[in-house]
Amino acid sequence: MKIIVASKNPVKIEAARKSFSMAFASEEIDVIAVDAPSSVSDQPMSTQETRDGAVNRVKYCQQHHLADYYVSYEGGVDVLDDIPSTYAVVCIANALKLQTGRTASLPLPKQIYQKLILGAELGPAMDDMFNTVNIKQKGGAIGQLTNGLETRKSIYVSATLMTLSAFFYAELFV
């Protein structure tokens, strides 16, 4: 089974590989990473912009590559239930269907959120605050703020598996 991941970020690649290997245990999974434009801000600041970025990446891959499934992850920030939070939208498509899902959300410290409002990206803002290097290709803000109890990869795997439910039971999601 050929899976195109719309990113060269190792966290996203490994999350897709693990998810599809779990979901399709009897299949040989071939994951190919592709740079795909989101056509949204580097740091999406709304649910709609975040979803648009994930969908745009998958559609780009569908137009330029042939695969069984296409997967993208777009990290975003929004005020959810009056709390500045980060999360990601996962988008999965095959030849017949495109489905989005979302990870759990993580509350953000006010100092970080203020930097994002001023135009910073979450990864570099976290690197500055916690004196880390390229945290977004490691455990991410999630790993840092949960003391490693969850990571960017772990929540991406969970969201990917839940989003795949629409493919497992396609007749229920028409």
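Is E14 buried or partly exposed? The model on the screen is a predicted one. Select E14: its relative accessibility is 32%, so it counts as partly exposed.

**First stop: helix α1**

R17 counts as partly exposed because its relative accessibility is 30%.

Now select S19, which also lies in helix α1, a helix that covers residues 10-23. How accessible is S19, and is it buried or exposed? Its relative accessibility is 0%, so S19 counts as buried. Display the residues around S19, leaving aside its neighbours within four places in sequence: the contacts are Y156, V157, T160 and L161.

**Second stop: the salt bridge between E74 and R57**

For another, select E74 and R57, whose closest N and O atoms are 2.5 Å apart. E74 sits in strand β3 and R57 in helix α2 (residues 47-64), so this pair ties together parts that are 17 residues apart in sequence. E74 is buried, because its relative accessibility is 4%. R57 is buried as well, with a relative accessible area of 17%.

Select E121 and K136. They form a salt bridge in which the closest N and O atoms are 3.5 Å apart. Which parts of the chain does this pair link? E121 is in the loop between α3 and α4, whereas K136 is in the loop between α4 and α5; the two residues are 15 residues apart. E121 is partly exposed, with a relative accessible area of 26%. K136 is also partly exposed, and its relative accessible area is 33%.

Select residues 122-130, which make up helix α4. Colour its buried residues, namely L122, G123, A125, M126 and D127. Against which elements do the buried residues of α4 pack? They pack against β4 (83-93), α3 (110-117) and α5 (140-145). Then select N131, which follows α4 and has a positive phi, near 55°.

Show the surface and look for the largest pocket, which holds about 590 Å³ of space. Its lining comprises 34 residues, and those closest to the centre are K12, G75, E121, K136 and R152. Colour the lining by residue type: it divides into 13 nonpolar, twelve polar and nine charged residues.

Select F167, which lies in helix α6. F167 counts as buried because its relative accessibility is 12%. Leaving aside neighbours within four places in sequence, show its contacts: Y69, I92, A93, N94, K97 and Q99. Draw a distance from F167 to Q99, C-alpha to C-alpha: the two are 8.4 Å apart in space, although 68 residues separate them in sequence.

**Last stop: two cysteines**

A disulfide is a covalent bond between the sulfur atoms of two cysteines. How many disulfides does the model contain? The count comes to zero. To see why, select C61 and C91. The cysteine sulfur closest to that of C61 belongs to C91, 9.9 Å away, which is too far for a bond; the cut-off for a disulfide is 2.5 Å between sulfur atoms. Starting from C91 leads back to C61, whose sulfur is the closest cysteine sulfur, at 9.9 Å. C61 has a relative accessibility of 0%, so it counts as buried. C91 is likewise buried, with a relative accessible area of 0%.

Terms used:
Residues numbered from 1 in each chain as written. Predicted model: local features only at pLDDT ≥ 70, side-chain atom pairs only at ≥ 80, totals over all residues. Heavy atoms only, no water. Buried < 20%, exposed > 50% of the residue type's maximum accessible area, 1.4 Å probe, protein only. Helix = DSSP H or I, 4+ residues; strand = E, 2+ residues; numbered from the N terminus. Contact = heavy atoms within 4.5 Å. 1 Å grid on protein atoms, 1.4 Å probe; cavity = no way out; pocket = protein on both sides within 12 Å on 5 of 7 lines; lining within 4 Å. Points joined across faces, edges and corners; volume = space filled by probe spheres on them. Nonpolar A, V, L, I, M, F, W, Y, C, P; charged D, E, K, R; others polar. Salt bridge = Lys/Arg side-chain N within 4 Å of Asp/Glu carboxyl O.
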